[in-house]
Amino acid sequence: MSPDVSSSPQVLRRANRLALLDRLRRNGAMTGTDLMNATGLTRATVHGVCDDLIDLGWVIVVVPGPGPDAGPVPKGRPARVYEFNARGGVVLGIDMGYHRVTVLVTDMRGNTLAQHVERFDESDTSAPTRIGTIDRCARLALAAAATAPGAVLAVGVGVAAPIDALGRTVPGNPFWTIMNVDIGHAFGERYGWPVVVDNDANLAALAERWRGHCTGSEDFAVILAGERLGSGLVVGGRVLHGSQGAAGEMAYLASTEGVGGAEGIAMLAVEWGAAEVQRRMAAAEADRGILVRLSGGLPSAVTAEMVFEAAKAGDAAALAILDRLGERFARVIATLSTLVNPEIVVLAGAIAKASRVLIPTIEQHLPVHTLMPPRVFASALGSEIVSIGAVRTALDYTEVHALELSLAAATVPTGSKAPAGRV
């Protein structure tokens, strides 16, 4: 008979390593006794496994200082105190948009060490040019964090395109082709970094579950609502991807009554605001309103920020635009409520802060369009939401592959390759 692999010493030791590492990652400094009580492992096993994790660089021994109310120093050998080595390596979270790239460098707990943003050359959208910009941005972010490329243990990347399980995008859409340059191959060849690529809205959903309104929720949706709409859908605690990674695409809105397309809040605010400025400039009115003054009377100068600012100041036309946006997005959210019945829907992206004023109107109209209206929030994670989600997916990779990664050497092990697609 073949041996019982599930109970072999190697498998048990690996399981114990991961259990102790997870406990230390989620807590602060812990003594051997703390770890014994938390895991039920013996003292010898705890100390032996911690020695293994120290050799790998994942754990360090710390010497706690005396507290303000400390009594006499106890006699004998002090207990060893173990701590997760959050600074033993770094991960990168990259938001690879159309206009710009954002790179976050964080420690192994996700604390930001540096950030760098660069705009792409929109006159040259070729893959080599975009990859060059992303590479430069990553190197500058690492330099700002005083960190060498060899310390990078994993990279998460968000792109505005559907991504299948192998990191590919369905061919035929020129925009998606521009967005999903093969950064995983480029970084893998150049640095040996494992790279996990996913759709930007899916990563926004991970960010909200990690640090936003959806902590603890198993069923929610996050809508990137700036220029074009895309949604990250979490059902039963799992991100929905679909067979080709397009589960959160919202092109179906072109066939939705009262919506008519996947245009986002910022795009529509500009379009409707410009039309209003043009109408007012053509009218013989003494007071053409705040929006006209903010834009200098030029429809082409209107921005979403101007529309929201004018509405805040009481401009009637701008307020009417916000009402239209609120009613339209009630319909958009109602479609998601019908499709996947989320508990929460979050409006996210750079426009999120401004979109908070739309929520009362959205909540007013939602019951008209769905019998199961979700709670609606505006994200507090700002324009970094995708890069934060990319950090989370990179950290998830390191947790799965922790025992194959050596923080002591601060490099990805020889022979490791960038994984294709998602973890």
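Biologist: In which helix does Arg-280 lie?
Modeller: This is a predicted model, so every value that follows is computed from predicted coordinates. The helix in question runs over residues 265-282, a range that takes in Arg-280. The element that holds Arg-280 is therefore helix H8.

Biologist: Is Arg-280 buried or exposed?
Modeller: A residue counts as buried when its relative accessible area is under 20%. For Arg-280 the relative accessible area is 9%, so this residue falls under that limit and is buried.

Biologist: With which side chain does the side chain of Arg-280 make a polar contact?
Modeller: Once the neighbours within four places in sequence are left aside, Arg-280 is in contact with several residues, among them Arg-288, Gly-289, Ile-290 and Val-292. Asp-315 and Ala-317 belong to that list too. The polar contact between side chains, at 3.2 Å, is made with Asp-315.

Biologist: Which residues are the closest to the centre of the largest pocket?
Modeller: The largest pocket has a volume of about 1,300 Å³. It is lined by 43 residues, and the closest to its centre are Asp-200, Leu-224, Gly-226, Glu-227 and Arg-228.

Biologist: How many charged residues does the lining of the largest pocket have?
Modeller: Several elements each supply at least two residues of this lining, among them helix H7 (200-211), strand S10 (230-235), H8 and helix H14 (385-400). Sorted by class, the lining has 23 nonpolar residues and 11 polar ones, while the number of charged residues is nine.

Biologist: What is the phi of Ala-146, and where does this residue lie?
Modeller: Most residues other than glycine have a negative phi. Ala-146, which is not a glycine, has a positive phi instead, and this residue is exposed, with a relative accessible area of 73%. Ala-146 lies in the loop between helix H4 (127-144) and strand S7 (152-159), and its phi is about 55°.

Biologist: Between which helix and which strand is the loop that holds Asn-341?
Modeller: Asn-341 is another residue other than glycine with a positive phi, in this case near 50°. Its relative accessible area is 39%, so Asn-341 counts as partly exposed. The loop that holds Asn-341 runs between helix H11 (316-340) and strand S12 (344-348).

Biologist: Which residue has a side chain joined to that of Thr-370 by a polar contact?
Modeller: Thr-370 is found in the loop between helix H13 (359-369) and strand S13 (375-378), and this loop residue is buried, with a relative accessible area of 9%. A polar atom of its side chain lies 3.1 Å from the backbone nitrogen of Met-372. Not counting residues up to four places away in sequence, Thr-370 touches Ala-334 and Ser-337. The polar contact between side chains, of 3.2 Å, is with Ser-337.

Biologist: What share of the residues in the chain is buried?
Modeller: The secondary structure of the chain comes to 14 helices and 13 strands. Among contacts between residues at least 6 apart in sequence, 69% join residues at least 24 apart. Of the 423 residues in the chain, the buried share is 48%.

Key
Residues numbered from 1 in each chain as written. Predicted model: local features only at pLDDT ≥ 70, side-chain atom pairs only at ≥ 80, totals over all residues. Heavy atoms only, no water. Helix = DSSP H or I, 4+ residues; strand = E, 2+ residues; numbered from the N terminus. Buried < 20%, exposed > 50% of the residue type's maximum accessible area, 1.4 Å probe, protein only. Polar contact = N/O pair within 3.5 Å; in protein donor to acceptor, adjacent residues only side chain to side chain. Contact = heavy atoms within 4.5 Å. 1 Å grid on protein atoms, 1.4 Å probe; cavity = no way out; pocket = protein on both sides within 12 Å on 5 of 7 lines; lining within 4 Å. Points joined across faces, edges and corners; volume = space filled by probe spheres on them. Nonpolar A, V, L, I, M, F, W, Y, C, P; charged D, E, K, R; others polar.
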